[in-house]
Amino acid sequence: MLAGCLFDLDGVLVDTARHHFVAWKRLAEEQLNVSFTHEDNEALKGLSRVESLDYILSKSTTVASAEQKLEWMALKNQWYLNAVQSITPDDLLPGAQALLRSLQDANIPAALGSASKNAPMIIDQLGIGKFLTAIVDGNVVTLSKPHPAVFLKGAELLGIEPPRTVVFEDAQSGVQAAKEGGFYCVGIGRKEDLTGADQVVPDLSFITIEKLNNWLNNN
Ligand code: B16
Ligand code: MG
């Protein structure tokens, strides 16, 4: 039986990826004079802020001091925060609210497992804090995906075991983290982008508790 669920934030519950994209692209082009494509953005999904900046720097010849890197990260984050301040519950991705509600009604605990340091603010704006027993984010865990720390901490806080816990992830690094931690992983997106996921669905509207139990029982 399903013990609990761990949700990635960006790309699973809400689409903030496009705002990360616009802000990183602006930083890359305006400050570092390098291009930033949709493929680059795909590679950054699930990575921490500093890992994302390091990825962009690796495309340029710029050698940056630690101080300069902090300045660029603050600048990118300010642009990102300006963009996400208008997020409301209407921005929840398909099926997110219904699944969170049905888990709560069935007394199955849910937690957040995100790399984002902005997660608490976004959760507040989405109005879904009431459905989450724990929030594990980039402020709580420093080892980022594909390390399983963020999900292991979530399971620990919920008091549940990985094999009967389902992780929902949209990033390859997140799928790797989930499988490394021994979780059942449902990928959100396209099969070809999510190697190693136990199942892949387009969004959370394809998920019911009954379906999760069937998958776990046949695993
Ligand atoms: P922040 P997730 C991740 O969120 C994003 O996928 C990734 O693109 C971003 O760089 C990372 O959070 C850090 O975000 O700059 O807000 O701390 O997918 O793990 O929910
Ligand atoms: Mg994500």
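This is a predicted model: local features need pLDDT of at least 70, side-chain atom pairs count only at pLDDT 80 or more; totals for chains, interfaces and linings use all residues.
Local features need pLDDT of at least 70, side-chain atom pairs count only at pLDDT 80 or more, and totals for chains, interfaces and linings use all residues. Residues are numbered from 1 along each chain as its sequence is written, chains are lettered from A and ligands numbered from 1 in the order written, and side-chain values use heavy atoms, with hydrogens and water left out.

## Helix packing

Two packed helices are described by the angle between their axes and the distance between the axes. Axes here are lines fitted to C-alpha atoms, for helices over the stretch in contact, and angles run from 0 to 180 degrees between N-to-C directions. Helices (H or I, at least four residues) and strands (E, at least two) are DSSP runs, numbered from the N terminus. The helices in question are H1 (residues 17-31), H3 (residues 49-57) and H4 (residues 66-84).

| Helix pair | Axis distance | Crossing angle |
|---|---|---|
| H1 and H3 | within 11 Å | roughly 40° |
| H3 and H4 | within 10 Å | roughly 110° |
| H1 and H4 | 9 Å | about 140° |

Angles under 35 degrees count as roughly parallel, over 145 as roughly antiparallel, 65 to 115 as roughly perpendicular and the rest as oblique.

Take H1 and H3. Their axes cross at roughly 40°, so the two helices are oblique to each other. H1 passes H3 in a right-handed crossing. A crossing is left-handed if the near helix is turned anticlockwise from the far one by less than a right angle, and right-handed if clockwise. H1 brings Trp24, Leu27 and Ala28 to the contact, and H3 brings Arg49, Ser52, Leu53 and Ile56. Contact means heavy atoms within 4.5 Å. These residues divide into 5 nonpolar, 1 polar and 1 charged. Ala, Val, Leu, Ile, Met, Phe, Trp, Tyr, Cys and Pro count as nonpolar, Asp, Glu, Lys and Arg as charged, and the others, Gly among them, as polar.

H3 also meets H4. The axes cross at roughly 110°, so H3 and H4 are roughly perpendicular to each other. On the H3 side are Arg49, Val50, Leu53, Asp54 and Leu57, and on the H4 side Lys69, Trp72, Met73 and Asn77. This contact holds 5 nonpolar, 1 polar and 3 charged residues.

H1 and H4 pack at about 140°, with axes 9 Å apart. That angle makes H1 oblique to H4. The crossing is right-handed. From H1 come His19, His20, Ala23, Trp24, Arg26, Leu27, Glu30 and Gln31. From H4 come Trp72, Leu75, Lys76, Trp79, Tyr80, Ala83 and Val84. Their division is 9 nonpolar, 3 polar and 3 charged.

Asp10 and Asp170 link distant parts of the chain, 160 residues apart. Asp10 sits in the loop between strand E1 (4-7) and H1. Asp170 sits in the loop between strand E4 (165-169) and helix H8 (172-180). Both Asp10 and Asp170 are buried. Buried means under 20% relative accessible area, exposed over 50%, partly exposed in between (1.4 Å probe, protein chains only).

## Backbone features

The peptide bond from Lys145 to Pro146 is cis, with omega near 20°. Pro146 lies in the loop between strand E3 (134-136) and helix H7 (149-158).

Asn33 has a positive phi, near 60°, although not a glycine. Asn33 belongs to the loop between H1 and helix H2 (38-44) and is exposed, at 70% relative accessible area. For Asn107, phi is near 60° and again positive in a residue other than glycine. The loop between helix H5 (96-105) and strand E2 (110-113) holds Asn107, which is exposed at 69%.

## Two buried helix residues

Asn213 lies in helix H9 (residues 209-217). Asn213 is buried, with a relative accessible area of 12%. Not counting residues up to four places away in sequence, Asn213 touches Met1 and Leu2.

Ala149, in helix H7, is buried at 15% relative accessible area. Leaving aside neighbours within four places in sequence, Ala149 contacts Val141 and Leu143. The C-alpha atoms of Ala149 and Val136 are separated by 9.6 Å, with the residues 13 apart along the chain.
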